[in-house]
Amino acid sequence: MSEQRVYNFSAGPSMLPLSALERAGSEITNYRGSGMSVMEMSHRSKVFQQIFDETQEKLRRLMNIPEGYKILFLQTGATGQFSAIPLNLIGNTGKADYAITGNFSNLAYKEAAKYGKIHVAASTEDCNHSRIPAQEELELDPEASYFYYCANNTIYGTEWQYVPETGSVPLVCDMSSDILSRPVDVSKYGIIYAGAQKNMAPAGLTVVIIKEELAGHALPYTPVMMDYKPMIEKDSMYNTPPCWCIYMLGLTLDWVAEQGGLEGMQKLRDLRSGMLYDTLDQTKLFHCHAQPGSRSGMNVTFRTGNEELDAKFVAEASAAGFVNLKGHRKTGGMRASIYNAMPVEGVEKLCDFIKAFDRNN
Ligand SMILES: *Cc1c(COP(=O)(O)O)cnc(C)c1O
């Protein structure tokens with residue numbers, strides 16, 4: 001079965017570690033002697049509570065999450081957090097700073113503008129989001145309730161290479177497309193969140209890591225499912241959590257630990273992306289969308305400049321077992337999403353394919 005698997009470069013949902021999938025497969029009808037699937041279990045059962053607690057502990061250990069921070073397992077996707085964040089945090093001063101460096105931070109900005117006065121602290125729209133602003137370019141409002149940014153721009157293929165310095169203003173970060181790919185100093189953040197479907201688990205789970213003191217100040221009309229306070233008080237079980245996804249996250253985290261934790265993941269990520277950028281830079285046909293210094297380690301965006309040739313590349317790559325390389329309509333060209341579970345071998349083979357295509361066209 002696994003021999004027929006393709007190298008899936010999809011931007012999301014995307015590849016999961018094979019060992020996690022195989023483990024889930026072996027336990028799918030009878031989870032460790034419980035006589036039932038994790039999909040069939042009460043979320044209030046002892047056996048599920050153990051899965052839940054262990055998954056939280058694994059994440060806390062791997063990301064080195066300090067005391068005073070809570071881990072929430074929520075639903076409504078990363079997009080749900082575009083609303084939840086202002087609803088919970090903006091009441092402090094009524095204002096917030098947003099760095100707009102791509103599609104998702106722009107959507108988050110538009111959503112937040114419903115609830116308060118949003119100041120654009122930086123925008124890279126003028127260069128079609130091909131770079132990340134430097135610290136000196138950030139126009140910071142010391143009265144902002146929080147500063148919001150998106151660590152990795154999934155569509156444009158750029159990634160922040162530094163953590164913004166915002167003084168006493170809490171940092172809020174969307175890490176959907178690069179979480180678990182490198183060590184993070186969680187203590188610098190107020191909130192880190194991620195939709196699970198790129199690097200963690202199947203779609204349907206959103207992980208929120210929140211400094212506990214930030215909860216409890218939601219606007220009065222905040223829907224209960226978006227209010228961090230009751231979610232913390234009920235340990236994400238105010239209602240039924242996404243049980244299966246939480247279990248899958250636990251299996252992915254086991255695999256991350258086996259790779260040497262987040263330091264190990266960073267080595268793998270640097271290997272994959274370094275190889276791919278080097279290869280692309282040496283071709284005559286291909287150009288990268290992201291400017292050097294802003295290039296993403298997770299989503300590599302490139303093109304030939306000729307739409308027909310791009311389409312030919314995507315079709316031939318797909319036939320050779322490298323699937324989902326077509327770029328997003330906003331950037332055109334190609335995008336290779338090389339998330340945590342993409343084997344190094346998949347990128348090596350893609351590089352060989354790119355070199356051959358470059359020679360032959
Ligand atoms: C995919 C993605 C989203 C949207 O995630 P959903 O879970 O579909 O809402 C948001 N932000 C980033 C950075 C993403 O990559």
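Predicted model: local features only at pLDDT ≥ 70, side-chain atom pairs only at ≥ 80, totals over all residues.

Guide: A residue counts as buried when its relative accessible area is under 20%, as exposed when that area is over 50%, and as partly exposed in between. When residues up to four places away in sequence are set aside, His328 touches Ile155 and Arg335.

The wider setting is as follows. The protein chain has nine helices and 14 strands. Its radius of gyration is 21 Å, close to the 21 Å that the globule rule gives for 361 residues, so the chain is as compact as a globular protein of that length. The C-alpha trace spans about 60 × 55 × 30 Å along its principal axes.

Burial may also be considered for the chain as a whole: 56% of the 361 residues count as buried. Among contacts with a separation of 6 or more, 68% are accounted for by residues 24 or more positions apart. As for the surface, the protein chain exposes about 15,500 Å², and carbon and sulfur atoms supply 49% of that area. Finally, the chain has 34 positive and 41 negative side chains, with the centres of the two sets lying 3 Å apart.

Conventions: Residues numbered from 1 in each chain as written. Heavy atoms only, no water. Helix = DSSP H or I, 4+ residues; strand = E, 2+ residues; numbered from the N terminus. Rg over C-alpha atoms; globule rule 2.2 N^0.38 Å. Buried < 20%, exposed > 50% of the residue type's maximum accessible area, 1.4 Å probe, protein only. Contact = heavy atoms within 4.5 Å. Areas by Shrake-Rupley, 256 points an atom, 1.4 Å probe, with all protein chains shown as cover. Lys, Arg positive; Asp, Glu negative; His and termini not counted. Charge placed at Lys NZ, Arg CZ, Asp CG, Glu CD.
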